[in-house]
Amino acid sequence: MATFVLVHGGGHGGWCYQQVARRLRAAGHEVHCPTLTGLGERAHLLNADIDLDTHIQDVVALMTFEGLEDVILVGHSYGGMVITGVADRAAERIRELVYLDAAHPRDGESLEIVAPAQMEPTRAMGRTVDGIELVMWPFPGMAGFFGITDPADVAWTEARLTPHPWKCFGQPLRLKNGDAAFALPRTNINCTQALQNSPDEARARQMDGHRNFEIDTGHDLMITEPEAVATMLMEVAD
């Protein structure tokens with residue numbers, strides 16, 4: 001059986017993988033769904049120092065202290081930034097990377113650079129509280145932004161979203177070990193609409209995996225299509 005570490009995107013927490021994790025565990029796999037510092041149930045740890053490096057270290061520390069090896073490391077959205085950094089720092093613990101409708105950064109790129117069309121309006125709607133620039137402030141109907149339409153899923157999601165520190169999106173990824181992160185096998189699971197709307201360079205990255213899957217659903221595909229996502233992840237494990 002495989003070991004999965006599922007990393008969430010901006011404004012979310014490990015909670016967003018509940019339905020996927022339940023299916024993977026039922027099939028006998030080991031699954032970890034960490035919540036990144038300052039988000040979800042760890043929102044009380046919010047501080048001005050949280051950035052992309054903080055979140056990379058969150059996941060590296062999890063794998064180190066849990067003694068995880070041969071990990072299938074999955075990142076959704078902003079989580080693609082995080083798992084790329086984790087792969088740079090702990091490649092020896094990782095079996096494969098899975099980008100779940102995620103950012104595909106290169107060295108020196110921030111999420112602001114990778115996805116300017118999304119990040120510019122996101123920052124414009126931010127607020128500074130206690131010296132911390134926060135974006136993705138939850139609002140009624142925000143689940144629709146993530147492609148969630150089922151009323152029960154909308155209510156469940158909107159009750160759990162939290163603001164996200166802008167520094168995480170503005171800080172460039174700095175790779176310390178050359179091409180180590182890109183030497184690992186990778187799978188892309190893309191949402192159809194995002195793939196269709198991506199500029200050519202972004203689309204090329206979304207399709208550069210050893211395996212490329214596509215699901216016709218909204219951006220939060222682990223909530224809208226958990227069965228399909230779990231099935232694809234188990235195919236990666238096999």
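## Basis

The model is predicted, and local features need pLDDT of at least 70, side-chain atom pairs count only at pLDDT 80 or more, and totals for chains, interfaces and linings use all residues. Residues are numbered from 1 along each chain as its sequence is written, and side-chain values use heavy atoms, with hydrogens and water left out.

Helices (H or I, at least four residues) and strands (E, at least two) are DSSP runs, numbered from the N terminus.

An open sheet of 6 strands has parallel pairing and the order 2-1-3-4-8-9. Because strand 2 (30-32) and strand 9 stand at the edges with a single partner strand each, one side of each is left without a neighbour in the sheet. Neighbouring strands are turned by 20° against each other on average, direction ignored; axes are lines fitted to C-alpha atoms, for helices over the stretch in contact, and angles run from 0 to 180 degrees between N-to-C directions. Strands of a sheet pair through backbone hydrogen bonds, either parallel or antiparallel. Two strands are taken as paired if DSSP finds at least two bridges between them.

Strand 1 (residues 3-7) runs parallel to strand 2 and is joined to strand 2 by 3 bridges. Within this pair, F4 stands opposite V31, and the bridge partner of V5 is H32. Strand 1 also pairs with strand 3, in the parallel sense, over 5 bridges, with T3 opposite V71. Strand 3 in turn pairs with strand 4 over 6 bridges, again in the parallel sense, and I72 stands opposite E96 there.

## Helices on the sheet

Helix 1 (residues 18-26) lies across strand 1 and strand 2, and runs at about 160° to strand 2. Helix 2 (residues 52-65) packs on the sheet, where contact means heavy atoms within 4.5 Å. Helix 2 touches strand 1, strand 2, strand 3 (71-76) and strand 4 (94-100), and its direction makes about 160° with that of strand 1.

## Covered elements

Buried means under 20% relative accessible area, exposed over 50%, and partly exposed in between (1.4 Å probe, protein chains only). Strand 1 is largely enclosed by the rest of the structure, because 5 of its 5 residues are buried. T3, V5 and V7 are on one side of strand 1, and F4 and L6 on the other. Strand 3 is mostly covered as well, with 6 of its 6 residues buried: V71, L73 and G75 are on one side, and I72, V74 and H76 on the other.

In helix 3 (residues 79-89), 10 of the 11 residues are buried, among them G79, M81, I83 and D88. The cover over the buried residues of helix 3 includes strand 1, helix 2, strand 3, strand 4, helix 4 and helix 9 (180-183).

## Largest pocket

On a 1 Å grid over the protein atoms alone, a cavity is a set of points where a 1.4 Å probe fits but cannot get out, and a pocket is an open set with protein on both sides within 12 Å along at least five of seven lines; lining residues have an atom within 4 Å of a point. Grid points are joined across faces, edges and corners, and a volume is the space filled by probe spheres set on the points.

The largest pocket has a volume of about 1,300 Å³. It is lined by 46 residues, of which S77, A115, Q118, M119 and H219 are the closest to its centre. Two or more lining residues come from each of helix 4 (111-114), helix 5, helix 6 (142-145), helix 10 (192-197) and helix 11 (200-206). Helix 5 gives the largest share of the lining, 6 residues.

## Single residues

E96, in strand 4, is buried, with a relative accessible area of 5%. A polar contact of 2.8 Å joins the side chains of E96 and R211; a polar contact is a pair of N or O atoms within 3.5 Å, where within protein one must be able to donate a hydrogen and the other to accept it, and residues adjacent in sequence count only if both atoms are side-chain atoms. Not counting residues up to four places away in sequence, E96 touches residues including P185, T187, R211 and V236.

T217 is in the loop between strand 9 (211-215) and helix 12 (221-224) and is buried at 16% relative accessible area. The side chains of T217 and T224 are joined by a polar contact of 2.7 Å. A124 is in helix 5 (residues 116-124) and counts as exposed because its relative accessibility is 65%.
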